Amino acid sequence: MRQKIVAGNWKMNKTLEEAKALTFELLRLVDGTTKAKVVLCTPFPYLLPIKELLGDNKQIKVAAQNCSEHESGAYTGEVSAAMLKSMDVPYVILGHSERRQYFGEDGKLLAKKIDKALEHHVTPIFCCGEPLEIREKGTHEELVKQQIEESLFHLSGEVLEHHVVIAYEPVWAIGTGKTATSQQAQDMHAVIRKHIASKYSQTVANSIPILYGGSVGAANAKELFSNPDVDGGLVGGASLKSKDFSEIVKAI
Ligand code: PGA
């Protein structure tokens, strides 16, 4: 059985006080309601305080939203995978479409970030997904396969099988309220799994959790999560509200 995961991507939102209040509420609403892992992807400065609030909670964990491709050194403003590890942060989002779009991150750079995260035993949540014009052209499957090849296919099957999470997030569905249909999500997840099976093996492909992201909400989560190849969600907007997010967690 693949690990089910519901991750909340807070992006650049909330003051520390608000972040703590949200976590406190989530502990109350979510704890013990599901076997899924719940991951709170907080801004860097909140990782430790939120982690402290969670205590030794087995189900709810924190994640970073990015890390550097460099080990250490003169990179003002950057945060390394080694730093994340030293704070015992188990996950990091890499390759989010906002990082690709606003910070020019491409597949090659992301491959380096993936390597750094894995080197320090931080599990990458690798995001892929096509913009609207590619979906309209009908080449979305090719693009997503290429994104995965560029950033993940240099890894060994062993590493991919046990230490990587993938999130499929069609760019046109992020923050737009326009979610992919349940069928569109399932189809792409199956394409991703098949592509991994063709390069590695069915065993490797079957082991990797693939999350769906893009306007996941309390109303559509259940249907999206009911697909055989959808192992959970990466949730943006709705993860900022404790009630919505806890309902999404319960939908899995
Ligand atoms: P959204 O964001 O749920 O607000 O669409 C998802 C994401 O960017 O991960």
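This is a predicted model: local features need pLDDT of at least 70, side-chain atom pairs count only at pLDDT 80 or more; totals for chains, interfaces and linings use all residues.
Asp88 sits in the loop between helix H3 (81–86) and strand S4 (91–94).

**The loop between H5 and S5**

Another non-glycine residue with a positive phi is His121, where the angle is near 60°. His121 belongs to the loop between H5 and S5. Is His121 buried or exposed? His121 is exposed, because its relative accessible area is 60% and exposed means over 50%.

His120 is also found in the loop between helix H5 (107–119) and strand S5 (123–128). His120 is buried, because its relative accessible area is 15% and the cut-off for buried is under 20%. Which residues does His120 touch, leaving aside those up to four places away in sequence? The contacts of His120 are Glu71, Ala81, Ala82 and Lys85.

| Residue | Relative accessible area | Class |
|---|---|---|
| His120 | 15% | buried |
| His121 | 60% | exposed |

**Pockets**

Now to the empty space. Rolling a probe the size of a water molecule over the atoms shows where such space is left.

The largest pocket holds about 410 Å³ of space. Its lining is made of 15 residues. Nearest the centre of the largest pocket lie Lys11, Met12, Gln65, Arg99 and Phe103. Which helix gives the most to this lining? Helix H4 (residues 97–102) does, with three residues. Sorted by class, the lining of the largest pocket has seven nonpolar, five polar and three charged residues.

The second largest pocket has a volume of about 230 Å³. Its lining counts 14 residues. Gln3, Ile5, Lys37, Tyr91 and Thr123 lie nearest the centre of the second largest pocket. Here helix H8 (residues 157–163) gives the most to the lining, with three residues. By class, the second largest pocket is lined by six nonpolar, five polar and three charged residues.

Terms used
Residues are numbered from 1 along each chain as its sequence is written. Side-chain values use heavy atoms; hydrogens and water are left out. Helices (H or I, at least four residues) and strands (E, at least two) are DSSP runs, numbered from the N terminus. Buried means under 20% relative accessible area, exposed over 50%, partly exposed in between (1.4 Å probe, protein chains only). Contact means heavy atoms within 4.5 Å. On a 1 Å grid over the protein atoms alone, a cavity is a set of points where a 1.4 Å probe fits but cannot get out, and a pocket is an open set with protein on both sides within 12 Å along at least five of seven lines; lining residues have an atom within 4 Å of a point. Grid points are joined across faces, edges and corners, and a volume is the space filled by probe spheres set on the points. Ala, Val, Leu, Ile, Met, Phe, Trp, Tyr, Cys and Pro count as nonpolar, Asp, Glu, Lys and Arg as charged, and the others, Gly among them, as polar.
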